[in-house]
Amino acid sequence: MPTVAGGWLGEYHFDHNLGQPCGFEATFSAVGPDGMFHGTILDDGPLGEAVLHHARQVGEEVIFTKVYRLKKRRLLPVRYEGKLLNEGKLLRGKWAIVHSKYGVSGWWEARRSWEELEVGFADEEVKEEAPAAERRERVPAGG
């Protein structure tokens, strides 16, 4: 089963056209045996970086709360719920500002930009290629 671990590029949109869509880049850690994971999200807009709280994956369902690091404003946490689709290459769901007086909410979508495992596979390929190159160097010329 696919996990959220890796990098994601996406956009969040506001319900009722209350604002312009905003792009973001997210990085999620490996999912633990209890379904919990960690991560950061960097919004393209002025709100900047956020960290995840209470992030959990259960099956294809993903739930987390985004808390902005920016302390100058009183930014409320944002609750995200979504689902892994397209064999784990797409995340799509709804979001809502927690404790908002105005009920600000919307939908979001993100596409996988890289998987955590890609780093491990690249390292393994390099390790496998090195011994073969060494063997070629040890073969005497002409035979």
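User: To start, what percentage of the 143 residues is buried?

Analyst: Buried residues make up 32% of the 143 residues in the protein, where buried means under 20% relative accessible area, exposed means over 50%, and partly exposed lies in between, with a 1.4 Å probe and protein chains only. Please keep in mind that this is a predicted model, in which local features need pLDDT of at least 70 and side-chain atom pairs count only at pLDDT 80 or more, while totals for chains, interfaces and linings use all residues. Residues are numbered from 1 along each chain as its sequence is written, and side-chain values use heavy atoms, with hydrogens and water left out.

User: OK, and how many helices and strands are there?

Analyst: The protein has 1 helix and 8 strands, and along the sequence they follow the pattern β-β-β-β-β-β-β-β-α. Helices (H or I, at least four residues) and strands (E, at least two) are DSSP runs, numbered from the N terminus.

User: Which strands pair with E8?

Analyst: Strand E1 (residues 6–14) pairs with strand E8 (residues 105–115) in the antiparallel sense over 9 bridges, and strand E7 (residues 90–97) also pairs with E8 in the antiparallel sense, over 7 bridges. Two strands pair if DSSP finds at least two bridges between them.

User: Which residues stand opposite each other there?

Analyst: Gly6 stands opposite Glu115 in E8, and Trp95 stands opposite Gly106 in E8.

User: Let me stay with Gly106. Is that residue buried or exposed?

Analyst: Gly106 counts as buried, because its relative accessibility is 0%. Leaving aside neighbours within four places in sequence, Gly106 is in contact (heavy atoms within 4.5 Å) with His13, Phe14, Asp15, Lys94 and Trp95.

User: And how far is Gly106 from Leu18?

Analyst: Gly106 and Leu18 are 88 residues apart in sequence, and their C-alpha atoms are 9.3 Å apart in space.

User: New topic: what does the side chain of Arg92 make a polar contact with?

Analyst: The side chain of Arg92, a residue found in strand E7, makes a polar contact with the side chain of Glu109 at 2.7 Å. A polar contact is a pair of N or O atoms within 3.5 Å; within protein, one must be able to donate a hydrogen and the other to accept it, and residues adjacent in sequence count only if both atoms are side-chain atoms.

User: What else is Arg92 in contact with?

Analyst: Leaving aside neighbours within four places in sequence, the contacts of Arg92 are Gly82, Lys83, Leu85, Trp108 and Glu109. Arg92 itself is partly exposed, with a relative accessible area of 39%.

User: How many aromatic pairs are there?

Analyst: The count comes to 9 aromatic pairs, where rings of Phe, Tyr and Trp (its six-membered ring) pair if their centres lie within 6.5 Å, and planes under 30 degrees apart count as stacked, over 60 as edge-to-face and the rest as tilted. One of them is the stacked pair of Tyr12 and Phe24, with 6.4 Å centre to centre and 25° between the planes. Tyr12 lies in strand E1 and Phe24 in strand E2 (residues 22–28), so this pair ties together parts that are 12 residues apart in sequence.

User: Are Tyr12 and Phe24 buried or exposed?

Analyst: Tyr12 counts as buried at 7% relative accessibility, and Phe24 is buried too, with a relative accessible area of 7%.

User: Finally, which residues form an aromatic cluster?

Analyst: Phe28, Phe37, Phe64, Tyr80 and Trp108 form one aromatic cluster.
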